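Here's a walk through one protein model, written for someone who likes cut-offs spelled out. Have the coordinates open while you read.

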Amino acid sequence: MTDATRKNPLLEGEYGTPHNTAPFDRLTLSDYEEAIMEGMRQEEAAIREITDNPEEPTFENTILPPTDELLNRATTIFFNLLSCCTSDEADKLAEKLSPLLTEHSNKILLNQKLFERIKFVKEHATGLTLEEQKVLDNAFDSFQRGGACLSEEDKKRLSQLRVELSGLTLQFSQNCLKETNAYSMHIRDRAQLAGLPDTALEAAALAAKQKGVEGWLFTLHQPSYGPFITYADNRELRRELYTAKNTICCKGGEHDNRRIVTRIVNLRREIAQLLGEDTYACHVLKRRMAETPSNVYAFIRQLEKAYMPKAKEDVTDVEALAKRLEGKDFVLEPWDYSYYGQKLKKERFSLDSEMLRPYFRLEKVKEGIFGLATRLYGITFHRRKDIPVYHPDVEAYEVHDEDGSYLAILYADFYPRGNKQSGAWMTSYAEQYVDHEGKDHRPHVSITMNLTKPTEDKPSLLTLGEVETFLHEFGHALHGIFSRVRFMSLSGTNVYWDFVELPSQFMENYATQEQFLNTFAHHYQTDAPMPSELLQRVKDSTNFQCGYQCIRQLNFCQLDMAYYDRHEVFSEDVPAFEKKVWARTRLLPQLPETCMSVQFGHIMSGGYAAGYYSYKWAEVLDADAFSLFLQNGIFDHRTAARFRHEILERGGTEPPMRLYERFRGQKPTIDALLTRNGVKASATGASKEEGKGAPHTATTGQDEKSHNI
Ligand SMILES: [Zn+2]
């Protein structure tokens, strides 16, 4: 029976829930559909009102964003749930709505009348606050990037290039997937699989069974390839699998990506140049903390110089072990590296990720992490069972500030489910902003993870990696929770892409701090604290092969920049070009027939073109930020207050480097990361052994050897 008097809560806007939290229990799919369609209509009408306004354009009558629009409210809840609590019907509705929403936003960006008004404000507005100026710049920027400043002819060209690019990036990743799927290695003889862990054998047996064949099947997908190349004793099979993986999409035939790489690189260059930039990297980096290609090069070079000696040592160590085991004439090949590397790691640290689980009971970890936020910032977390949630597993907390005032809502969704995506992420059901009457609307933030579930006889016991994931997402959550800005589009995690991982990775530093672990990491059966000796081994093992790993990452950064920081047409042979770029810093021999570029999805079809450096960038930042805490005490309230006020509260209101310098008192340097990795002794000269069990001291980066990034 339908209730004719029932109203769509999304259209009402007032939900009658605590802090107006989303009324998950009362929303239907047709509510979302109706609200999103109506939301688009309302937004169109609002824009028409702006463009039809006969008055001279001003910030107030053109830019000032409406607050809490229906469209934003409805899409936020709907698309969030699509990732963590979906259904076939919801997926179908998303398929129906997504193209309409894309069309809707394209229509806004192509609205020439609206752009003319924004341009007028940009050229004439005076006396704007910092935040107003930033919102104005962002609005102008998105139109400019959409080609609003171009001639009709160039606009057409830009749109052709973009259509071609999106087609080719899709084809690139489909080719990778097809060639990856086309290969499998079928083993019938169990003796050939010596060395492999049971989990890998079980997965391979299952894969064979699903294909209706006897024995074991191995593929080029990481969960199958990774364990094989790391553990299989049979060298010939390792070589076979390695060669198969590293020669996909470059052997000719319909899935060859070599010509696609060339075209993608040239398309991006042409798009950037149409928009007035010299290279694609310039175009991208203008909206990044790194700002320019030369800053990225300087960054890469500094790290390379610092890590190369350690990287060579790392390779020598693995080589030495291989020779010790196999004889002095043994020549280490690329398919041997993970295998002997793993053996060396085991010999040095005898660690197993299962060993820490008993100390990381989820309930205790939660207390520990919430307690950490209380210790650092004075904030407290209060479970509220009267706040609606979208699944019984989800917990809702009211977060209070130090003075007891209401700060935010935090949802925590810990366990895997069939209708939830894998991985972990932070999101918001409502972002912070201040409305036209000056009322501060506090955010509703959510952390979603896929942690180990409790079983019938065991509580949820986490690995160290899972504890790090929790800390990571919680760090993002604090960025949302503390937000104190005026405009929603600048609040919380709405910051430059190479800055957004600072608050999250910063928190991961606590995972191996003994002082922090002592507050909660007790054995779930005996209540004994984690033994210091075990913790020290864990810490030491995290730096294992860090030189080799770093140089490998830097090689990828280098290749990325080599493709995208070009002014001229790219017409070189792709495999040869790649080998040329790596000639100077390659650590292992490379087979002539292998090629990485043709399967480097991150920079070709993913979002990392001219952005691969940001992985290392974020690492340098988080180590540098944490080093101030190591210096002042890892729970130091005053340092935390500065981190909160200068960074976590400020969102995207100012250039990130300015925010960072205000917190840190100086530009970040790579020194703290070097110290953390044990690549360079700290300024006090404390060796790793001396620092054992005590908080590390770190260089302030003010000595003449410091490296600003
Ligand atoms: Zn993150």
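First, the ground rules. This is a predicted model, so local features need pLDDT of at least 70 and side-chain atom pairs count only at pLDDT 80 or more, while totals for chains, interfaces and linings use all residues. Residues are numbered from 1 along each chain as its sequence is written, and side-chain values use heavy atoms, with hydrogens and water left out.

**The zinc site**

Which protein atoms are the donors of the zinc ion? They are His472 (NE2), His476 (NE2), Glu501 (OE) and Glu501 (OE), lying 2.1 to 2.8 Å from the zinc ion. Donors here are N, O and S atoms within 2.8 Å of the metal (3.2 Å for Na, K and Ca); water is not among the atoms, so sites may look incomplete. The four donor atoms subtend angles of 50 to 137°, which makes the arrangement irregular. For reference, four donors count as tetrahedral if all angles lie between 85 and 135 degrees; four count as square planar and six as octahedral if opposite donors are over 155 degrees apart and all others between 65 and 115; anything else is irregular. Ideal angles at a metal are 109.5 degrees for four tetrahedral donors.

Along the chain, the donor residues follow the spacing H-x3-H-x24-E. Histidine 476 lies in helix H17 (residues 464-481) and glutamate 501 in the loop between H17 and helix H18 (502-508), so this pair ties together parts that are 25 residues apart in sequence. Helices (H or I, at least four residues) and strands (E, at least two) are DSSP runs, numbered from the N terminus. Histidine 476 is buried, with 8% relative accessibility, whereas glutamate 501 is partly exposed at 25%.

Setting aside neighbours within four places in sequence, glutamate 468 is in contact with Glu508 and Ala511, where contact means heavy atoms within 4.5 Å.

**Aromatic rings**

Rings of Phe, Tyr and Trp (its six-membered ring) pair if their centres lie within 6.5 Å; planes under 30 degrees apart count as stacked, over 60 as edge-to-face and the rest as tilted. By this rule the count comes to 49 aromatic pairs. One of them joins phenylalanine 24 and tyrosine 429 in an edge-to-face arrangement, 5.2 Å centre to centre with 90° between the planes. That pair links distant parts of the chain, 405 residues apart: phenylalanine 24 is in the loop between helix H1 (9-12) and helix H2 (29-51), and tyrosine 429 is in strand S6. Phenylalanine 24 counts as buried at 9% relative accessibility, and tyrosine 429 counts as buried at 6%.

Then there's a tilted pair, tyrosine 32 with phenylalanine 78, at 5.3 Å centre to centre and 45° between the planes. Tyrosine 32 lies in helix H2 and phenylalanine 78 in helix H4 (residues 70-84), so the pair ties together parts 46 residues apart in sequence. Both of these residues are buried.

Elsewhere, one aromatic cluster includes Phe360, Phe506, Tyr510 and Phe663.

| Charge | Ring | Distance from ring centre |
|---|---|---|
| Arginine 238 | Tyrosine 339 | 4.0 Å |
| Arginine 375 | Phenylalanine 635 | 3.7 Å |

**Domains**

The domain assignment gives domain 1 (9-149), domain 2 (184-246) and domain 3 (356-489); such bounds come from an automatic or database domain assignment. The C-alpha centres of domain 1 and domain 3 are 26 Å apart, and 26 residues of domain 1 are in contact with 31 residues of domain 3.

**Backbone and loops**

Most residues other than glycine have a negative phi. Asparagine 20, in the loop between H1 and H2, has a positive phi near 55°. Aspartate 527 has a positive phi of about 65° and is found in the loop between helix H19 (514-517) and helix H20 (532-542).

Is serine 422 buried or exposed? At 65% relative accessibility, serine 422 counts as exposed, and its place is the loop between strand S5 (406-413) and strand S6 (425-430).

Technical notes. Buried < 20%, exposed > 50% of the residue type's maximum accessible area, 1.4 Å probe, protein only. Lys NZ or Arg CZ within 6 Å of the ring centre and 35° of its normal.
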